[in-house]
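Here is a short briefing on one protein model. Look over the sequence and structure first, then work through the points below.

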Amino acid sequence: MKKVAVLGATGSIGGNTLDVIARHPERFRATVLTAHRQVEALAELCVRHRPDLAVIADPALEAELSRRLAAAGVRCEVASGQAALAAAAASELCDTVVAAIVGAAGLDSTLAAARAGKRLLLANKEAIVMAGPLLLEAVAAGGGALIPVDSEHNALFQCLPAQCLPGQPDLRAGGVRRLILTASGGPFRGHTRAQLANITPDQACKHPNWVMGRKISVDSATLMNKGLEVIEAHHLFAAPADAIEVVVHPQSLVHSLVEYVDGSVLAQLGNPDMRTAIGHALAWPERVETGVAPLNLAACAPLAFEAPDLVTFRCLALAFQALRAGGDAPAVLNAANEIAVEAFLAGALPFLSIADVVEAVLAELPAQAVVDIPTLCERDRVAREAARRVLRNAC
Ligand code: NAD
Ligand code: MG
């Protein structure tokens, strides 16, 4: 029986994870559930899944969570605050941790799970973008395993040989020439810059193939999501920037591909439903049923592939720039993007200006070597401050 902590249980990945877990009560149990401020949703999940511990990140809501659980007759421990999240991820209550908090807010708990040697199912891509080498070191030191849940990286994981899996030193040792990440192109594929000038948050969050949280939905619309994923692939699979290619594939059926030196290209396909990647990561190296509909290839339109438009969708180009700059540039890119997306979602920044904010902050804070987590967190704070200054000056 695997004891699973679902960090970010009230989110899109959290919900899909709990769906897969509930299908296999003999294999998996959700022992820890966490949320930021959605106290009602968290309490409901506790009624359904009966965890041993529920953590609400906002301490002001702990009493309300306790009250709701008591009223529903649910007996589980309750805790609150960021430190409690990390403690839960490292605790004996779980052997598997699904890191599904969005943004840099998930870094601490992801690291804590890695250091404690848990099986780490990583959805929180911002954590590995920020702290790639340090996170991989923590996984190695803890003696656990890192299995990517991001669908592209999970696809690559499935197509790569053992000597190329996370933590190995060189992708080419496995005879791999390139990693090819597919991108749906988001809701604005084919649009011109002029057409993107007045995009609203609701338009940006309406993804053609996936239902996801609002931050990643905006990232998908700007293609920053693919940029973060390029950096994620670089760290996970020790792939140089030149060995990572992005191809737009609007149907989101081919989740990514691995090209070998002999010309073979292996791909992982499936319907666009995150439960495939989540179920794979939960059960690996075994396989479990996930509720995902079988792929009916004959009913699919012809599969299309095209090059990304880096001029209109500048965020992808900026992510490659940050990856090539190295050091903490990806952490700076990520912090500036989080602030810009927040401002866009609040109606305070035009869609096209997200890239402008990121570019300005990258120019202001040239890459420095990554030393340790406290230095990195300080850099994250400085980059957020710089982004807020750019925003104030732009408005
Ligand atoms: P979401 O917004 O739906 O859910 C986020 C979860 O994190 C919620 O449970 C929320 O309560 C919690 N949270 C948010 N801020 C927090 C904070 N400051 N402290 C503690 N908890 C906090 O997001 P999502 O779409 O589920 O995405 C989660 C992560 O998975 C992101 O990093 C995203 O990039 C990645 N991811 C998502 C998908 C997808 O299909 N949704 C696919 C691949 C990767
Ligand atoms: Mg993805």
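Predicted model: local features only at pLDDT ≥ 70, side-chain atom pairs only at ≥ 80, totals over all residues.

**Hairpin of β10 and β11**
- Strands β10 (residues 254–260) and β11 (residues 265–269) run antiparallel and are joined by 5 bridges.
- Between the two strands of the hairpin there are 4 residues.
- In this hairpin, Gly263 has a positive phi near 95 degrees.
- Glu259 has a relative accessible area of 10% and is buried, because the cut-off for buried is under 20%.
- The side chain of Glu259 also forms a salt bridge with that of Arg177, at 3.3 Å from N to O.
- This pair links distant parts of the chain: Glu259 belongs to strand β10 and Arg177 to strand β8 (residues 176–183), 82 residues apart.
- Arg177, at 42% relative accessibility, is partly exposed.

**Other salt bridges**
- The count of salt bridges comes to 28.
- Side chains of opposite charge can pair when their charged atoms come close.
- Arg275 and Asp19 form one of these bridges, with their closest N and O atoms 3.2 Å apart.
- The two ends lie in distant parts of the chain, Arg275 in helix α12 and Asp19 in helix α1 (residues 12–22), 256 residues apart.
- Arg275 is buried at 12% relative accessibility, whereas Asp19 is partly exposed at 29%.
- Asp356 and Arg314 form another salt bridge, with 2.9 Å between the closest N and O atoms.
- Asp356 sits in helix α15 and Arg314 in helix α13, so this pair ties together parts 42 residues apart in sequence.
- Asp356 is partly exposed, at 36% relative accessibility.

**Magnesium site**
- Asp150 (OD), Glu152 (OE) and Glu229 (OE) coordinate the magnesium ion (ligand 2) at 2.1 to 2.2 Å.
- Along the chain, these donors follow the spacing D-x1-E-x76-E.
- Asp150 is in the loop between β7 (145–148) and α7 (151–159), and Glu229 is in helix α11 (residues 224–236), so the pair ties together parts that are 79 residues apart in sequence.
- Both Asp150 and Glu229 are buried.
- A network of salt bridges links Asp150, Glu152 and Glu229 with Lys125 and Lys226.

**Helix α10**
- How many of the 9 residues of helix α10 (residues 214–222) are buried? The number is 7, and the helix is mostly covered.
- The buried residues are Lys215, Ser217, Val218, Asp219, Ser220, Ala221 and Thr222.
- Their cover includes α6 (125–142), α9 (201–204), α11, α13, α14 (329–345) and α15 (353–364).
- Leu223 follows α10 and has a positive phi, near 70 degrees.

**Cys46**
- Cys46 is part of helix α2 (residues 39–49).
- Cys46 is buried, with a relative accessibility of 0%.
- Beyond its neighbours within four places in sequence, Cys46 is in contact with Leu33, Pro51, Ala54, Leu69 and Val74.
- Ala30 is 16 residues from Cys46 along the chain, and their C-alpha atoms are separated by 9.4 Å.

**Nonpolar surface patch**
- Leu269, Leu297, Leu303 and Phe305 make a nonpolar surface patch of about 350 Å².
- Leu303 lies in the loop between α12 (275–283) and α13 (314–325).
- The relative accessible area of Leu303 is 33%, so this residue is partly exposed.

**Backbone geometry**
- Most residues other than glycine have a negative phi, and most peptide bonds are trans.
- Where is there a cis peptide bond? The bond joins Trp284 and Pro285, with omega at about 5 degrees.
- Pro285 is in the loop between α12 and α13.
- Ala238 has a positive phi near 50 degrees.
- Ala238 lies in the loop between α11 and β9 (244–248), and is buried at 19% relative accessibility.
- Ser252 has a positive phi near 55 degrees.
- Ser252 sits in the loop between β9 and β10, and is buried with a relative accessible area of 7%.

Definitions and conventions: Residues numbered from 1 in each chain as written. Chains lettered and ligands numbered in written order. Heavy atoms only, no water. Donors = N, O, S within 2.8 Å, 3.2 Å for Na, K, Ca; no water. Buried < 20%, exposed > 50% of the residue type's maximum accessible area, 1.4 Å probe, protein only. Contact = heavy atoms within 4.5 Å. Patch = residues over 30% accessible without salt bridge, like charges linked within 9 Å, V, L, I, M, F, W, Y side chains within 5 Å. Areas by Shrake-Rupley, 256 points an atom, 1.4 Å probe, with all protein chains shown as cover. Salt bridge = Lys/Arg side-chain N within 4 Å of Asp/Glu carboxyl O. Pairing = 2+ DSSP bridges.
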